[in-house]
Amino acid sequence: MAAAPAMMGVFNNLVIFDQHVPQNSEQSIVPDLATGWSWSEDGTVLTLPLRQGVECHDGKPFTAADVKCTWDTLAGKSGEKLRVNPRKSWYNNLSEVTTNGDYEVVFHLKRRQPSFMALLASGWSPVYPCHVSLRDMRRHPIGTGPFKFVEFKPNEVIRVGRIADRRLAG
């Protein structure tokens with residue numbers, strides 16, 4: 001799992017801890033691929049509108065389907081399985097993820113979970129492109145971040161390259 005910090009620039013999260021604040025807290029969470037969020041009155045439904053115009057490194061558009069696919073995989077509810085999935089238990093309280101069109105995603109929780117936003121904001125919660133198989137992602141990761149994957153040599157190096165003028169749309 002030591003590859004996560006090196007790969008964080010390749011991916012984006014829905015939300016992330018503000019990197020300019022010295023200590024992470026619920027108050028330091030800011031939008032990344034999401035443009036904001038709202039909770040239902042009972043705290044069990046989280047709705048996130050998504051940025052439009054964001055592209056994956058292969059030119060395919062980022063949509064709510066990518067978010068749903070990512071969390072279905074993390075929760076063990078998809079046909080494809082991660083080789084190692086230490087985050088599965090993080091989402092035991094996640095009932096389902098639904099989409100409202102291409103640019104809104106909704107997380108439905110079984111019960112209120114105040115820590116849920118912190119889980120989404122951690123470096124371990126990137127959004128993966130749904131159109132790329134997990135097998136292909138292991139060999140050549142594709143994300144939406146400001147860096148793209150260049151090279152991996154086991155026990156030697158992980159190399160990423162800056163994408164010129166890469167910013168999130170919006």
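Serine 122 is buried, with a relative accessible area of 13%; buried means under 20% relative accessible area, exposed over 50%, and partly exposed in between, with a 1.4 Å probe and protein chains only. The model is predicted, so local features need pLDDT of at least 70 and side-chain atom pairs count only at pLDDT 80 or more, while totals for chains, interfaces and linings use all residues. Residues are numbered from 1 along each chain as its sequence is written, and side-chain values use heavy atoms, without hydrogens and water.

Serine 122 sits in the loop between α3 and α4. Helices (H or I, at least four residues) and strands (E, at least two) are DSSP runs, numbered from the N terminus. With neighbours within four places in sequence left aside, serine 122 is in contact with Asn13, Phe17 and Trp90, contact being heavy atoms within 4.5 Å. A polar atom of its side chain lies 3.2 Å from the backbone oxygen of leucine 119.

Helix α2 spans residues 64-74, and eight of its 11 residues are buried, including Val67, Trp71 and Leu74. Just after α2, glycine 76 has a positive phi of about 75°.

A positive phi, of about 60°, also occurs at asparagine 155, in the three-residue turn of the hairpin formed by β7 and β8. These strands, residues 147-153 and 157-162, run antiparallel and are joined by six bridges; strands pair if DSSP finds at least two bridges between them. Within this pair, glutamate 151 stands opposite arginine 159 of β8.

Note on methods: Polar contact = N/O pair within 3.5 Å; in protein donor to acceptor, adjacent residues only side chain to side chain.
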